[in-house]
Amino acid sequence: MNEMMRQSLPDYQIQTPDPWAALPVNAESREKLWSKSRTFVGDVWFRFRSKFTSIFGFILIVLVLLFALVGPYFATFTYSEQNLDFVNTPPVFRAINCSGGYFYITDKLKVLEIDAQGHLVGKVESIAEDYEKKQVTLSYQGGEIIMDYSQSPYTMLDENGERIEEAKHIWNRTYLLGSDNLGRDMLARLMFGARVSLLVAVVAALTNLVIGVLFGSISAYCGGMVDAVMMRIVDVINTVPLTLYVILIMVVLDAGLLSIILALGTVYWVNMARVVRGEILSLKERDFVLASRTLGSSTATILFRHLIPNAMGPILVTLTMLIPSAIFMEAFLSFIGLGLTAPLASLGTMCNDALATLRTSPYQLFEPALLICILMFGFNFVGDGLRDALDPKLKK
Amino acid sequence: MEKQYMLEVKNLVKHFPVSGNKHAVVHAVEDVSFRVEKGKIFGLVGESGCGKSTCARTIIRIYQPTAGNIIVDGEDVSYKKNRELQALRRKMQMIFQDPYASLNARMTVHDIIAEPLRAHKVASSRQEVSERVYDMLDKVGLSHEHANRYAHEFSGGQRQRIGVARALVIEPEIVICDEPISALDVSIQAQVVNLLKDFQYERGLTYLFIAHDLSMVRYVSDEIGVMYLGQLVEICAAAEIYEHPLHPYTKGLLAAIPIPVPKLARQKVVSSIEGDIPSPISPPPGCHFHTRCPYAKPICREQEPELRDMGGGHQVACHLY
Ligand SMILES: Nc1ncnc2c1ncn2[C@@H]1O[C@H](COP(=O)(O)OP(=O)(O)OP(=O)(O)O)[C@@H](O)[C@H]1O
Ligand SMILES: [Mg+2]
């Protein structure tokens with residue numbers, strides 16, 4: 001029995017015959033740290049990684065980033081290229097096979113020719129229109145074909161003058177996600193819109209990190225009058241609604257991305273400043289900060305090496321919560337017409353443009369709305385995951 | 001030869017405002033005076049909440065004193081502005097009570113110990129900083145591998161040694177030890193105390209050593225001050241206080257020390273002090289201790305006793321003498 005125990009504990013090299021005798025005290029093993037050394041970032045990443053939703057959100061954001069930044073290099077069209085022949089083409093055609101070709105009839109009663117793969121070939125010219133019979137005669141490859149719009153769904157007539165009822169659904173290969181009401185590629189515009197949203201996210205993050213964190217921490221660390229004055233400034237900024245602010249800025253500058261970014265940049269850090277202030281107020285009374293003061297460290301050292309790194313948890317969480325709301329803010333402002341001007345696209349302006357043709361081309365609203373949702377989901381999942389990962393109470 | 005004093009505290013007062021009540025204040029330190037000779041250890045003892053930490057923090061100027069003077073090595077530092085305190089910060093360092101709260105969890109041990117060197121720009125190069133940090137790690141018995149670890153990975157005793165290393169790396173002349181061992185295991189306490197004693201022996205340091213009971217300080221200190229509710233009630237040589245305690249509170253503190261010999265323990269005459277420490281917001285009139293004193297007389301309720309010399313530097317504030 002004793003032999004067995006000794007063999008299972010080879011590290012301790014028991015030499016005494018008595019199994020209950022005290023082991024020799026070894027100063028080295030007493031001082032040794034057994035835990036694996038992990039930095040703060042490593043620790044947070046480890047806990048972040050172990051949660052499915054946060055990784056899912058992270059992947060969503062990375063995908064949107066790739067879509068916005070790399071996507072345009074693979075796209076056929078630019079966001080502003082328009083072709084008035086191909087307006088409002090949907091992602092999936094209802095194609096009618098007639099005289100050896102495939103045709104798609106738009107809601108404006110135009111007939112577009114497509115090939116069997118789904119590429120748009122061109123517009124079919126009309127020759128004559130019979131208003132009584134509700135038929136249009138078009139010229140096609142030297143011959144004539146007739147389109148009938150007396151009944152819904154509109155269709156073509158075959159050689160015998162019969163309506164061709166059967167239709168084939170073909171994917172739009174020219175405009176993968178369809179085209180908008182000016183014949184621009186939705187895909188290219190979505191990529192551009194996502195770029196705008198991510199730019200807004202970056203601007204919001206930077207202003208929050210730089211202005212918000214500095215403002216909040218200086219206010220809290222200095223305390224007294226400085227704190228009172230700085231917080232009143234925050235209160236004032238907070239009472240002016242952002243939309244009013246954007247309108248005022250647009251009076252001075254032109255409407256567009258710059259004024260939105262300027263508006264977000266000047267006022268969007270107030271929440272962060274409040275959060276940071278609260279956090280630093282409690283941190284600055286902690287022993288390690290007092291210790292740093294007795295060591296003779298400068299205010300800058302105390303702020304940047306002690307206070308802000310220790311407030312990093314709440315800062316990151318607030319940041320990931322503020323970014324989606326900034327993205328949404330930009331989309332909203334653009335939607336109500338305070339944002340980008342044509343031909344620039346943002347997800348908000350795309351939604352607004354889609355309203356006019358909502359009934360006939362609902363995909364034009366659906367696609368940018370879906371992208372906004374994906375962005376929101378991504379950032380909120382990451383925010384949630386970070387909050388859990390940073391919560392030291394959950395530390396295993 | 002005239003005695004040289006490293007630290008002189010004269011009538012030090014520190015009040016804290018009470019939130020929500022403009023007229024009330026916390027009388028954390030009430031008229032405290034003592035002197036510490038160069039190269040000696042002064043022990044400051046008192047129950048939890050009697051104002052020891054506040055006293056220490058006011059002396060090192062984390063807090064602004066309400067009244068009184070603090071003279072460090074002949075220089076009055078009591079009302080200097082933060083900017084002018086750099087010289088004091090080099091001369092005087094502090095070891096904190098809580099080894100867990102006093103180290104920044106986001107910094108490596110190397111950076112923690114290097115912080116005072118960088119703050120006072122005493123090392124000319126990065127390399128010199130590292131050399132001095134490693135040298136200090138050796139002295140406090142930590143290995144060089146520990147330098148790149150984060151503070152939260154260490155045990156309490158190890159952390160407190162990091163705290164000692166940080167305080168002593170810029171070679172201060174006086175160190176305030178605010179209960180450096182009270183948060184540690186008994187087995188580790190001696191380790192840290194011996195470390196502090198070694199440094200004192202080597203460098204001729206002056207210590208202000210704070211503790212909440214007499215069991216360890218009387219072996220460490222040259223002189224002991226007993227504090228009760230913000231006031232010093234007795235100051236006396238360490239050897240003397242065990243033999244001839246005068247103030248009833250000191251007697252009570254001594255009685256609270258566990259006696260390892262059962263026979264002696266049964267013969268214990270003075271019982272421990274009973275009752276709770278009164279609120280420092282409204283301390284009792286007269287002698288602050290009269291509410292718990294077994295020998296209280298009518299005069300104790302009315303008149304505040306002064307600290308008087310009973311001969312041989314043994315001072316006591318009590319109406320019994
Ligand atoms: N920053 C502060 N603001 C208000 N009151 C304080 C502050 N710091 C200490 N006090 C009060 O001053 C009194 C003395 O506190 P102090 O921390 O000095 O006691 P202590 O003797 O060090 O106790 P312990 O042995 O528990 O460390 C306490 O009543 C405490 O509540
Ligand atoms: Mg204390």
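## Terms and basis

A polar contact is a pair of N or O atoms within 3.5 Å; within protein, one of them must be able to donate a hydrogen and the other to accept it, and residues adjacent in sequence count only if both atoms are side-chain atoms. This is a predicted model, in which local features need pLDDT of at least 70 and side-chain atom pairs count only at pLDDT 80 or more, while totals for chains, interfaces and linings use all residues. Residues are numbered from 1 along each chain as its sequence is written, chains are lettered from A and ligands numbered from 1 in the order in which they are written, and side-chain values use heavy atoms, with hydrogens and water left out.

Helices (H or I, at least four residues) and strands (E, at least two) are DSSP runs, numbered from the N terminus.

Side chains of chain B also meet oxygen atoms of the ligand. A polar side-chain atom of Ser48(B) lies 2.5 Å from an oxygen atom of ligand 1. For a side-chain N or O atom of Glu179(B), the distance to a ligand oxygen is 2.8 Å, and for one of Gln97(B) it is 3.0 Å. The protein covers 67% of the 630 Å² of accessible area that ligand 1 has on its own, as given by the Shrake-Rupley method with a 1.4 Å probe.

## A sheet in chain B

Chain B contains an open sheet of 8 strands in the order S6-S7-S8-S3-S9-S10-S12-S11, with mixed pairing. Strands S6 (92–95) and S11 (308–309) of chain B stand at the edges, each with a single partner strand, so one side of each is left without a neighbour in the sheet.

Two strands pair if DSSP finds at least two bridges between them. S11(B) and strand S12 (residues 315–316) of chain B pair in the antiparallel sense over 2 bridges. In S12(B), Gln315(B) is the bridge partner of Asp309(B).
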